[in-house]
Amino acid sequence: MNHMHSTDIKTIADTFKTDLEKGLTPQQAQENLVTFGENKLEATSKRTLFNMIMDQFKDFTVIILIIASIISIALGEMVDGIVIIGIVILNAALGTYQENKASNALDALKSMASPKAKVLRDQSTQEIDSNLLVPGDIVLLEAGDYVPADLRLLESVNLKIDESALTGESVPVEKDTHASVSEKAPIGDRINSAYSGTIVTYGRGKAIVVNTGMKTEIGHIATMLNEAPDDLTPLQKKLAEFGKLLGIICIVVSVVIMGLGLLRHEDLLEIFMTAVSLAVAAIPEGLPAVVTTVLALGMQRMVKRNAIMKRLSAVETLGSTTTICSDKTGTLTQNKMTVQKVYANHNEYDVSGTGYTLDGAIEGDTDNLKMLLLSATLCNDALIQDAKCIGDPTEGALVVLAEKAKYSHVALRASIPRINEYPFDSVRKLMTTVHQIDEQLVMLTKGAPDELIARCSEILINGKKEILTDDLKVNYLDQNKRYAEQALRVIGYAYKTLPQDYTLEQEESDMIFLGLTGMIDPPRTEAIDAIATCKKAGINVVMITGDHIITASAIGDKLGILDQAHRAIEGAEINELSDEALMTLVKDVNVYARVSPEHKVRIVNAIQATGHVVAMTGDGVNDAPALKNADIGVAMGITGTDVSKEAADMILTDDNFVSIVSAVEEGRIIYSNIRKFVGFLLSCNVGEILIIFISMLANWGVPLVPIQLLWVNLVTDSFPAFALGVEKGEKGIMDHPPRDKDEPIVNKKMGVAIIFQSIGLMFAVLSAFKIGMSIAIQSGANDPLLLARTFAFMTLIFGEMLRAYSARREDQYLWQFNPFGNKYLNISVCIAIGLLFVVVYTPFLQNIFKTTSISTENFLMILGLSFIPTVFGEFSKFIIKRMK
């Protein structure tokens, strides 16, 4: 049922044929169950494992490799064919494994549902499975209960419900059955209703079920989670695009080579094997494994910086983040109410310290605050244990306030026990307790300042009672207003001496006013510095919260999120905007208040539509759809709900906004390293294409066979590529704006570097091939190609190993940094060269890799030629430095 909060109770009861006093009959309950279905969340059908596996073989480059393997096997080259198909299967297995680790956000959302519900059916109270709850059921609520469905309240007695997981508000909401609520009111303002998945913290109530299952507010969130697309990350898209380009180049070159071969009437077997060699040369077979491993190592480093990455490919996305949309409560703030101001004795007292630790103090003389602090700690049901609040957060803040002045709540409640109480209710907006103090019965009262001041006739100033004049009342009410404008939650205090025959309900008048306290859920101090760092790094921080706009604006101002260029708005304004209008609005707004889960998703989508890469942080159920829609969803590990953790890509183990900035920095380092090894690997692939293409054009034969190319691409190049992937971050990586998400990974500068290095590689290898051929012919070798190919193979590998040192920096020459500073690269080069000698000098491997032993003199010649690619690589840096 829509707009339940603004529909009158009689209409709701008539709609579901409910007797408000007796509840539904068994027959009516069964009819409604058939009509509306069970009270449970539903998921869309998941992709099967078979579908995931098949999708891995739809990639363009994979299809080329499959065709190449089939041709190899058909032509009798079983080893080449089997190795190629093995690579395809391995990469498909890696891809399927990553995809199968999909989010289980909906399962976590289901776990929030109450397993049982107390209902009134057929005039009797029953406890039933909550999934059998139907619209029209009368539900009974009491403290500690999960709300089992969306409800419209019929009765409420001091009812408070914690809706923080749904709305983001840090304080339990006081419910009022008789409140009139407008149709467009956000969830946080619908105080005559209760919502599935929230928790009753105080009081009791009676309500009628109006929505169940997927029709509830939490059901809407489930729907959004089901609808959220699982997009590829920027890196995945860029690598897929470049792989496709390489594949197309491979096909074009293969067609040209086959055409030339046919024109020259060459052997068909040789033509096809050349095509296979080109396919193997064009495709960087080792790249997926290197990318996966480097991202996995990056994940491990992030754990040390308090960030757990759930999705491997999301690591690099962090580096391109341009906007962080953050929830307020528990993320930018501490989610711990803290008293910051006391106004009493015509004086303002500042209070230091934050949260529920007892560190800090009330600045100034607290002797004249005795009665106010007694009221704060005795007229109070909360406890503080091990810096944690047990009970209402507002009352917890008052206990801490008194403790800071050495008023122990445990000792005081033991020595001055509560004799009587008049609990808080939403009509009086007051709470009163009675105690024996100095042999007198004393009534202590706290509550809403306007209500309390109206019931007082005197005021205590520095221990002396004075008449509370109209001017004094205006003074304190004005102070109350000023605190409210600063987003402080204000509470007033009073006391009164009682006669022995008092009637408590009639005594809340002619009281003695004591003063005011102002509290807030304070911003994290470290978050202020983190936001400043974000701005320096060109990252915009946006606050999105379900809290009131005054509170959100005050926190945004303290954090440095709000500035002259940006403003704050409420979610109600978003309802009136089209998606296009919202795209325009988001450029000028940095604080969004009173927003619903739908608003959060629309805001994230609008910011993304303006070209930004968005990281969304949050900890509540209400954050889950936006977390899943964002480019990077960031959940809180300590305070976060299971739903938010499952929907997110990253979890902060310390709930610290600073860790997001650290993760972004690590993401930038990882992306920088990915660029290094991608450039290193692709220049080798392009070089291999040129080697084979130029050789065939010149009619020199094929200088490298498929098994040799596979060895280079998969083994030899992979070791230094791994090492380049774990380079330490370069200085100043957070001092420049994020990279453009649309910039290809192979941009103009990398393209120039690849061209120069590929040409250098081609020149060195073809020179070695021709020299080897000449030496073999002169020595009368039976198979001159064998020695020539060994020359080419060894020159290619040595050239790659030396070039890896140059690849450590994109814009620094070898003599401007320590080229041997990466110990992993040194080890990798030694391993790769060691393996090269094994395949060249081991007899049974010579037959497989088509190699032969060479002399020391020839080896020195190869080594000299191997420096050519590095020289070309260094020269490319000279050109790049002069590019705009």
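These legends accompany an overall view and several close-up views of a predicted model.

**View 1. The whole protein.** The protein has 884 residues, of which 55% are buried, and its secondary structure comes to 34 helices and 26 strands. Along the principal axes, the C-alpha atoms fill a box of roughly 125 × 70 × 45 Å.

**View 2. The ring pair of Tyr 813 and Trp 815.** The protein counts twelve aromatic pairs, and one of them joins Tyr 813 and Trp 815, whose ring centres are 4.8 Å apart and whose planes meet at 15°, so the pair is stacked. Tyr 813 is buried, at a relative accessible area of 11%, whereas Trp 815 counts as exposed, at 64% relative accessibility.

**View 3. Phe 875 and Phe 878 in helix 34.** These two residues form a stacked aromatic pair, with 5.9 Å from centre to centre and 25° between the planes. Both lie in helix 34, which covers residues 868–881, and they are three residues apart, about one turn of the helix. Phe 875 is partly exposed, with a relative accessible area of 41%, and Phe 878 is likewise partly exposed, with 33%.

**View 4. An aromatic cluster.** One aromatic cluster is formed by Phe 798, Phe 837, Tyr 841 and Phe 859.

**View 5. Charged side chains over rings.** The charged end of Lys 160 sits over the ring of Phe 424, at 5.1 Å from its centre. Arg 809 lies over the face of Phe 817, with 5.1 Å to the ring centre.

Conventions
Residues are numbered from 1 along each chain as its sequence is written. This is a predicted model: local features need pLDDT of at least 70, side-chain atom pairs count only at pLDDT 80 or more; totals for chains, interfaces and linings use all residues. Side-chain values use heavy atoms; hydrogens and water are left out. Helices (H or I, at least four residues) and strands (E, at least two) are DSSP runs, numbered from the N terminus. Buried means under 20% relative accessible area, exposed over 50%, partly exposed in between (1.4 Å probe, protein chains only). Rings of Phe, Tyr and Trp (its six-membered ring) pair if their centres lie within 6.5 Å; planes under 30 degrees apart count as stacked, over 60 as edge-to-face and the rest as tilted. A charge sits over a ring if NZ of Lys or CZ of Arg is within 6 Å of the ring centre and within 35 degrees of the ring normal.
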